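Notebook open, viewer loaded. I'm jotting things down as I look them up.

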Amino acid sequence: MYWAEFSRETESDNKGTVSVKINKKNVVNAENLQNIFELIAKEEWP
């Protein structure tokens, strides 16, 4: 499973589907989740 952060992306005019590219480095695992939680706690994650 992979994750992507879309809060800084512009809204799409396409209402049916949107294609996205997800970096394969963005694997959902304990280390990456911990990093995300730390950024959220420091209010550095959108």
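**Lysine 42 and its partner**

I started with lysine 42, which is exposed because its relative accessible area is 52%, and the cut-off for exposed is over 50%. This is a predicted model, so I take each value below as computed from it. Lysine 42 makes a salt bridge with glutamate 44, with 4.0 Å between the closest N and O atoms. Glutamate 44 has 47% relative accessibility, so I put it down as partly exposed.

**The residue in between**

Next I looked at glutamate 43. It sits in the segment after H1 and, at 71% relative accessibility, is exposed. The positive phi comes just after H1.

**Other salt bridges**

How many salt bridges does the structure hold? I get 3. Besides the pair already noted, glutamate 5 bridges to arginine 8, with the closest N and O atoms 3.5 Å apart. Glutamate 5 is partly exposed, with a relative accessible area of 23%, whereas arginine 8 reaches 63% and counts as exposed. I also have glutamate 11 with lysine 15, N to O at 3.5 Å. Both glutamate 11 and lysine 15 are exposed.

**Helix H1**

I then checked the secondary structure: the protein has 1 helix and 0 strands. The helix, H1, runs over 30–41. Alanine 30 lies in H1 and, with 64% relative accessibility, is exposed. From alanine 30 I took the distance to glutamate 43: the two are 13 residues apart along the chain, and their C-alpha atoms are separated by 20 Å.

**Before the helix: asparagine 26**

Is asparagine 26 buried or exposed? Its relative accessibility is 17%, so it counts as buried, the cut-off being under 20%. Asparagine 26 is in the segment before H1. I listed its contacts, skipping neighbours within four places in sequence, and got Met1, Tyr2, Trp3 and Asn32. Buried residues make up 7% of the 46 residues in the protein.

Valine 18 lies in the segment before H1 and is exposed, its relative accessible area being 53%. Which distance separates valine 18 from glutamine 34, C-alpha to C-alpha? I read 28 Å, for a sequence separation of 16 residues.

Valine 20 is also placed in the segment before H1. It is partly exposed, at 46% relative accessible area.

**Nonpolar patch**

Valine 28 turned up again when I looked at the surface. Met1, Val28, Leu33, Phe37 and Ile40 form a nonpolar patch there. Together they have about 490 Å² of accessible area. I kept a reminder beside this entry: an α-helix has 3.6 residues a turn, so residues three or four places apart point the same way. Met1 is also on the contact list of asparagine 26.

**Whole-protein numbers**

Last, the overall values. The C-alpha atoms fill a box of roughly 35 × 25 × 15 Å along the principal axes. The protein exposes about 4,400 Å². What share of that do carbon and sulfur atoms supply? I have 51%.

Key. Residues are numbered from 1 along each chain as its sequence is written. This is a predicted model: local features need pLDDT of at least 70, side-chain atom pairs count only at pLDDT 80 or more; totals for chains, interfaces and linings use all residues. Side-chain values use heavy atoms; hydrogens and water are left out. Helices (H or I, at least four residues) and strands (E, at least two) are DSSP runs, numbered from the N terminus. Buried means under 20% relative accessible area, exposed over 50%, partly exposed in between (1.4 Å probe, protein chains only). Contact means heavy atoms within 4.5 Å. Patches are made of residues with over 30% relative accessible area and no salt bridge: like charges are joined within 9 Å, nonpolar side chains (Val, Leu, Ile, Met, Phe, Trp, Tyr) within 5 Å. Accessible areas come from the Shrake-Rupley method with a 1.4 Å probe; for residues, only the protein chains shown count as cover. A salt bridge is a side-chain nitrogen of Lys or Arg within 4 Å of a carboxyl oxygen of Asp or Glu.
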